[in-house]
Amino acid sequence: MTLALELRDLATEIAREAGELAHRRRREGVHLAATKTTLADIVTDADREVEALIRARIAEVRPDDGFLGEESEADVGVSGITWVVDPIDGTVNYAYGMPAYNVSIAAVRGTPDPQSWEALAGVVHAPALGEIFTAAQGHGAWSGETRLAVTTDTPAGALLATGFGYDPSTHDGDLATVRRVMPMARDLRRSGSAALDLAYVAAGRLDGYYERGLKPWDFAAGALLVEEAGGLVSRLEVDSSRPMLIAGGRAVHARLHGILSEKR
Ligand code: IPD
């Protein structure tokens, strides 16, 4: 078995256990709190617990690997492999009881810098939706027995998805970007989970996706799903503090890339 397949299988097993824990904690009562601070604290507790589980499970099997997660300190490791983990992507959905949240786990070769790493394995598991998307470099992207493939033809316009950062000062710019892409769109979705948006591009449920300012753990696993499903993923440094991630089938990716790289 190749290293990529081994890492994918390990990521899948751990994502299942982590997804069960997140789902159980959600059922046990991550209730919507009265204020945002309290709400954020509750979510952070669940996020941290799930990340700690994932980190411990990886360390049991691969103690020399590095780790880059949303909720704990990074560790570079010594094996050259780094795990890039979002324990609960779609945190706000999770807090509100919406099912579009997921555990996202990737294993990459190289440093934890998306510009220089090579993704080997990626898993996006949405426990409340009962879905698990997996990919290993060179072995395709899968949902169970179904091999995933991006869309190639969008005669009625592309079904796109995007997301907005949490910082209100960026909303005007993001909304202006929506106005620019709408002429190529059949419609636009905003699911609240970047990893799931990417998994849906891989599965052909969306034609394309773009978002500014994502963190490595938001897209590490999802980007490999798209690539292994025959799509393209690129990062545009329009604004260096908030690079733009673009994903889609070849034609949709090219159109989005053209529109989003125009100087404004
Ligand atoms: C967020 C989600 C959301 C995206 C944000 C991300 P989180 O991740 O993926 O869809 O719009 O940019 O930060 O905070 O839920 O892990």
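Which strand gives the most to the shell around the ligand? Strand E2 (residues 81-89) does, with 3 residues; strands here are DSSP runs labelled E of at least two residues, helices are runs of H or I of at least four, and both are numbered from the N terminus.

## Basis of the model

This is a predicted model, in which local features need pLDDT of at least 70 and side-chain atom pairs count only at pLDDT 80 or more, while totals for chains, interfaces and linings use all residues. Residues are numbered from 1 along each chain as its sequence is written, and side-chain values use heavy atoms, with hydrogens and water left out.

## Two domains

The chain is divided into domain 1 (3-147) and domain 2 (158-260), with bounds from an automatic or database domain assignment. Taken over C-alpha atoms, the domain centres are 20 Å apart.

In domain 1, 37 residues are in contact with 24 residues of domain 2, where contact means heavy atoms within 4.5 Å. The two domains bury about 2,200 Å² between them, 66% of it on carbon and sulfur atoms. Buried area is the accessible area (1.4 Å probe) that two parts lose on being put together, summed over both.

## Ligand shell

The ligand lies between domain 1 and domain 2, because both give residues to the shell around it. This shell holds 16 residues, and the closest are Asp89, Gly90, Thr91, Ala194 and Glu211; a residue is near the ligand if one of its heavy atoms lies within 4 Å. By class, 5 are nonpolar, 5 polar and 6 charged, with Asp, Glu, Lys and Arg as charged and Gly among the polar residues.

## Polar groups and burial

Oxygen atoms of the ligand have a polar side-chain atom of Glu211 at 2.6 Å, a backbone N or O atom of Ser193 at 2.9 Å and a polar side-chain atom of Asp218 at 3.3 Å. Taken alone the ligand exposes 380 Å², and the protein buries 93% of that, by the Shrake-Rupley method with a 1.4 Å probe.

Definitions and conventions
Polar contact = N/O pair within 3.5 Å; in protein donor to acceptor, adjacent residues only side chain to side chain.
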